[in-house]
Amino acid sequence: MTDRDLEGWTIAFDLDGTLVDSAPDLIGTLNRLLVEEGLPPVAMEEAQKLIGSGARALLVHGFEAAGASVERAESDELFQRFLTDYSAHIADGSQPFEGVVETLERLTERGALLVVATNKRSDLSELLLQKLDLARRFAAIVGPDRVSARKPSGAHLKEAVAQAGGDPERAIMVGDAAPDAGAARDAGMPCILTTFGYTPVPVETLGGDVLIDAFEDVEEAIDGILSDFYVLKALRG
């Protein structure tokens, strides 16, 4: 390997459950709202599986778990209260997963272009990554409001890579849940999935090309995917 052997490749990362353990603050906001509504809080282990589905899904889940009205959970007023509270507490307990900073540094040193492709709203994603001093490591941070369709549509990944200045034909997705795997499949991109993220179904069933148990394994997984890519390219002439 040379120190530029990832030149021309873009690595797209999901945010919640992939780069950042954001469950403490997302569930913290959910539980504060539930208590304000006179409802019981939900357990962290139960609620974090739905984080990748967005704030509205979290609210619905919390209200369902409390046996309360789903209609109330779907109200715009409650959603705005969620966003206001979450923005104020977005990095109280959230932290990058172990190995994230070092791995991103190595990938950049080797010439890779890095982008965040998340179903979290772009402004919230930027705020979280800025507070964790990670935003500067990415060429673009692309939420669903900056693309024509959100994950699991492959358009999200293709447009995010393009916005970062990369080539969607030379990109790899790193995520933790069904929207990531589905988007990668739809976009024709290889997909690396974490086993430590937020998914309501076993990650082994999602069809990722490689599963990793620690973020430090991302680089090795990328090298394996690219090795296969260049072998196939050579065989095809």
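Colleague: Which residue takes a positive phi just after helix 6?
Modeller: In this predicted model, Gly111 does, with a positive phi of about 100° just after helix 6, where helices are DSSP runs of H or I with at least four residues, strands are E runs of at least two, and both are numbered from the N terminus. Residues are numbered from 1 along each chain as its sequence is written, local features need pLDDT of at least 70, side-chain atom pairs count only at pLDDT 80 or more and totals for chains, interfaces and linings use all residues, and side-chain values use heavy atoms, without hydrogens and water.

Colleague: And which residues in helix 6 are buried?
Modeller: Helix 6 spans residues 100-109, and Val100, Thr103, Leu104 and Leu107 are buried there (under 20% relative accessible area, 1.4 Å probe, protein chains only; over 50% is exposed, in between partly exposed). These residues lie on the same side of helix 6, because they cover an arc of only 100° around the axis, taken from the directions from the helix axis to the C-beta atoms.

Colleague: Zooming out, how many helices and strands does the protein have?
Modeller: The secondary structure comes to ten helices and eight strands, and buried residues make up 51% of the 237 residues.

Colleague: What box do the C-alpha atoms fill?
Modeller: Along the principal axes, the C-alpha atoms fill a box of roughly 65 × 35 × 30 Å.

Colleague: What about contacts between residues 24 or more positions apart?
Modeller: Such pairs account for 66% of the contacts with a separation of 6 or more, a contact being heavy atoms within 4.5 Å.
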